[in-house]
Amino acid sequence: MLRRRSGPQPFARLVRPTGREVVGMWWKKASCPVRSVEQLWIEENLDWFVAEFGDELLRRPVVVPEESWFPAGYSGSEDDVRAVFRTLCDHVEVPVDRVRLDLEPDEPDELVANLGLNSESSGAAAHWRQRDGVTVVTVDMKQAQRPVALVATMVHELGHERLLGEDRIDPDRRDGEPLTDLFTVFVGFGIFSANASFEFYRTHTHYRTSKLGYLTEAMYGYALARYAWLRGESEPAWAERLDTNPREWMKQGLRYLEAGVG
């Protein structure tokens with residue numbers, strides 16, 4: 001049994017001085033895209049992930065949302081979802097026989113579909129739990145039609161297995177959920193999580209917005225900037241696969257870090 005570790009204190013209330021760049025005869029402020037409390041929380045916990053899991057996970061290739069990454073002919077079937085889950089277990093280093101995947105059937109929102117109503121969704125898309133000595137991850141099959149959100153959801157739940165299932169953090173830790181979202185960045189799936197954190201999509205009859213996760217787009221942007229900075233990447237090509245908002249927050253974060261103030 002691994003020894004339980006508490007990790008850094010959640011949302012430590014330290015404030016770092018703001019750095020500045022000299023531009024000609026003027027001082028130009030290099031601003032961080034998140035509040036100081038969020039900045040310190042992101043930095044300390046990414047550093048803790050490196051100390052806890054090692055440099056090898058940090059330096060793995062970043063996974064980008066490409067059709068080739070999914071099973072050939074992906075259609076969102078149960079077989080497809082299970083195949084994606086097995087691949088993710090390998091990436092996150094969770095033995096596939098240690099976790100059971102349960103799938104909740106998709107129940108379409110007929111009121112929205114038939115009346116053309118607009119809707120917003122922000123509910124839990126999956127659950128991690130331990131039952132009778134077995135880890136069970138339950139995923140809502142609604143996610144299967146949104147592959148990016150599906151991957152973000154599954155990696156988050158597998159993050160629970162690495163953090164809670166391996167007794168690395170206290171189950172009562174109050175920032176456990178956002179910490180698990182940050183873990184998805186550390187293991188190379190930050191693009192999926194950031195892009196799925198807020199989605200807008202429409203059909204010919206209605207539109208939907210969907211929120212997923214516990215971090216804001218700005219927090220994802222700075223987390224990805226700090227992640228790239230730890231990897232020695234100043235202009236990572238993979239950043240172009242981010243949606244507009246998290247990409248701009250990431251660019252601002254990189255400018256801040258490159259100014260020598262992070």
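I call a residue buried when its relative accessible area is under 20%, exposed when over 50%, and partly exposed in between, using a 1.4 Å probe and protein chains only. By that scale F49 is buried, with a relative accessible area of 0%.

**Ground rules.** I am working with a predicted model, where local features need pLDDT of at least 70, side-chain atom pairs count only at pLDDT 80 or more, and totals for chains, interfaces and linings use all residues. Residues are numbered from 1 along each chain as its sequence is written, and side-chain values use heavy atoms, with hydrogens and water left out.

**Confidence.** I checked pLDDT, the predictor's confidence in each residue on a scale from 0 to 100. The chain has a mean of 83, and 75% of its residues reach 70 or more. Helices (H or I, at least four residues) and strands (E, at least two) are DSSP runs, numbered from the N terminus. Confidence is highest in helix α1 (residues 36-53), at a mean of 98, and lowest in strand β4 (residues 119-121), at 31. Residues 11-27 have pLDDT below 50, yet the model gives this stretch 34 contacts beyond near neighbours in sequence, a contact being heavy atoms within 4.5 Å. Residues 206-210 are also below 50, with 30 such contacts.

Which residues does F186 contact, leaving aside its neighbours within four places in sequence? I found L46, F49, V50, F53, G54, L57, L58 and Y227.

**Aromatics.** Rings of Phe, Tyr and Trp (its six-membered ring) pair if their centres lie within 6.5 Å; planes under 30 degrees apart are stacked, over 60 edge-to-face, and the rest tilted. I count 14 aromatic pairs in the structure. W48 and F49 make a tilted one, at 5.7 Å centre to centre and 45° between the planes. W48 is buried too, with a relative accessible area of 11%. F183 and F186 are also tilted, because their planes stand at 45° with ring centres 6.4 Å apart. These two are separated by about one helical turn because they sit 3 residues apart in helix α6 (residues 176-186). Both F183 and F186 are buried. W48, F49, F53, F183 and F186 form one aromatic cluster.

**Strands.** Two strands pair if DSSP finds at least two bridges between them. Strands β5 (residues 126-131) and β6 (residues 134-140) are antiparallel, with 6 bridges, and Q130 stands opposite T135. Their hairpin has 2 residues between the strands, and D132 there takes a positive phi near 55°. β6 also runs parallel to β3, again with 6 bridges, and L103 has V139 as its bridge partner. In β3 (residues 99-104), V99, L101 and L103 make the covered face, while R100, D102 and E104 make the uncovered one.

**Cysteines.** How many disulfides are there, taking a pair of cysteine sulfur atoms within 2.5 Å as the rule? I get 0. C32 counts as buried at 17% relative accessibility, and C89 does at 2%.

Methods: A disulfide is a pair of cysteine sulfur atoms within 2.5 Å.
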